[in-house]
Amino acid sequence: MSSLRALKFASSAFRVAVSARSTSQRTMASSAIRTLSARPLVASARNFSISARAFGQGETDVELASKLQEEIQYEKEAAEQAGPIPEFVKEFKSNGVWKIEEKPGHDEVALTRKFGNEDIRVLFSIADIDSSQESPAEFEEEAQAEESEEAATPVLPIRCSVTITKSGAGALTIDCLAQDANFVVENVSYYGDAKLASELTAEADWSRRGLYIGPQFDHLDVGVQEAFEKYLDERGVGPVLAAFIPEYAEWKEQQEYTKWLQHVHKFVSA
């Protein structure tokens, strides 16, 4: 009997052990299934986060793009009223004296012509349109001074560099301001090597350093100043050109500004 009871006890213990192991395996399998089923959700969340960053859509992008588009529309409407090429530009070109050399996207403009055995170039930058803006204090003082006078459209001064070159004789460079239909000469420099006067390279700029560039123009004898002004006027560097340059600089700056708006709008909206 004791042997039979022992056998029954051993058989019962075996069933309990098997049952416990099966339960443990089912528990572990269930836990593993729950873990695996949760993992795709984490991966999906990560994928969504990466995708959202890849588009680069910030909260302010739409607002900025909208404001830029409004400004573009305003500039286009203003340009349509003025026409693709203003009348003053057409008239200037029709005279056939000066050739306008400029590149879209660049701020420098060159006016060139021949005069006998001379090559003349007038170089200016539309960047002066922004840099010549008056400070609020200066503007307020002028406004107060002109309260009783009829307001006139202000003409911003444009800095110019006039280069007159003769083959084998070097070159003169006249630094001046085009303002109020006049050229205000500041300095006259002479270069024995014409390339130093005309080239815009870093090497030429380095070679110009340390050279004597002549006295201030207003330090010259009055008679010499007047003779220089007549000399320039005979070559077409006079009131007509001085009136044209600021007007053309403002028009070209407006064209470049509109293109800048379009490029920035395209970038923000991409």
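Start with the largest nonpolar core, which has 32 residues. Select Leu111, Phe124, Cys160, Phe183, Ile245 and Tyr248, the members with the most contacts inside it. Such a core is a set of buried Ala, Val, Leu, Ile, Met, Phe, Trp, Tyr and Cys residues joined through side-chain atoms within 4.5 Å. Buried means under 20% relative accessible area, exposed over 50%, partly exposed in between (1.4 Å probe, protein chains only).

The model is predicted: local features need pLDDT of at least 70, side-chain atom pairs count only at pLDDT 80 or more, and totals for chains, interfaces and linings use all residues. Residues are numbered from 1 along each chain as its sequence is written, and side-chain values use heavy atoms, without hydrogens and water.

Next, colour the elements. Helices (H or I, at least four residues) and strands (E, at least two) are DSSP runs numbered from the N terminus. α3 (87-94), β2 (108-115), β3 (118-125), β4 (158-166), β5 (170-179), β6 (182-191) and α9 each supply at least two core residues. The largest share, 7 residues, comes from α9.

Zoom in on Tyr248. Beyond four places in sequence, Tyr248 touches Phe88, Val89, Ile100, Glu102, Val109 and Phe124 (contact: heavy atoms within 4.5 Å).

Now select α2, residues 61-82. Show Asp61, Ala65, Leu68, Ile72 and Glu75: these are buried. Viewed down the axis of α2, the buried residues fall within an arc of 90°, so they line one face. The arc is taken from the directions from helix axis to C-beta atoms. Their cover includes α9 (239-269). Turn to the other side: Val62, Glu63, Tyr74 and Gln81 are exposed.

Finish at Gly83, which follows α2 and has a positive phi, near 90°.

Definitions and conventions
Expected span 1.5 Å × (residues − 1).
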